[in-house]
Amino acid sequence: VIDNFAKDDLCLDFGCGLGILGVGAIKKSNMIVDFVDIDPAALDNCHENLKLNLVEERLNGHRLISRKRFAVDDKYKLVFANILKHVLLSEKELLLESLDEQGYLILSGILNEQVDDILLEYNMLEKVGVLSKGDWSAILLKKE
């Protein structure tokens with residue numbers, strides 16, 4: 001999926017933690033990423049990770065945003081949400097609102113037995129696929 005994006009397309013790494021998924025989007029497709037997390041320490045760690053993994057000229061344009069201050073001002077071509085089921089459910093409206101037309105949503109950090117519940121909750125999006133490894137799954141959805 002990441003190959004479908006152009007330079008400067010917008011990406012949201014929601015619940016970014018260290019920012020690994022957003023860094024991957026920058027490295028692979030030169031996307032502009034907003035990193036959002038509820039934990040200030042996670043945002044600090046994400047900032048350090050960005051500096052360690054990207055050359056200085058690739059650091060421009062990205063934003064680190066506290067969840068308390070995050071509002072959907074832009075629409076994103078790609079949204080990552082690698083967070084627990086209860087957060088995926090409580091933040092569903094925000095995640096859906098953040099998606100651009102034809103945008104992709106990748107939900108991960110989901111236990112295998114939770115996949116059906118998540119798919120039911122996000123049934124307004126097209127299921128592109130589910131990938132499972134060990135006890136964990138990731139779901140790729142697309143807005144139509």
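This is a predicted model: local features need pLDDT of at least 70, side-chain atom pairs count only at pLDDT 80 or more; totals for chains, interfaces and linings use all residues.
Residues are numbered from 1 along each chain as its sequence is written, and side-chain values use heavy atoms, without hydrogens and water. Local features need pLDDT of at least 70, side-chain atom pairs count only at pLDDT 80 or more, and totals for chains, interfaces and linings use all residues.

Visitor: How are α1 and α2 oriented to each other, roughly parallel or roughly antiparallel?
Guide: The axes of helix α1 (residues 20-29) and helix α2 (residues 40-53) cross at roughly 30 degrees. Such axes are lines fitted to C-alpha atoms, for helices over the stretch in contact, with angles from 0 to 180 degrees between N-to-C directions; helices (H or I, at least four residues) and strands (E, at least two) are DSSP runs, numbered from the N terminus. Angles under 35 degrees count as roughly parallel, over 145 as roughly antiparallel, 65 to 115 as roughly perpendicular and the rest as oblique. The two helices, α1 and α2, are therefore roughly parallel.

Visitor: Which residue meets R63 in a salt bridge?
Guide: A salt bridge places a side-chain nitrogen of Lys or Arg within 4 Å of a carboxyl oxygen of Asp or Glu. For R63 the N to O distance is 2.6 Å, and the partner is D34.

Visitor: Is D34 buried or exposed?
Guide: Buried means under 20% relative accessible area, exposed over 50%, and partly exposed in between (1.4 Å probe, protein chains only). R63, at 36%, counts as partly exposed. At 4% relative accessibility, D34 counts as buried.
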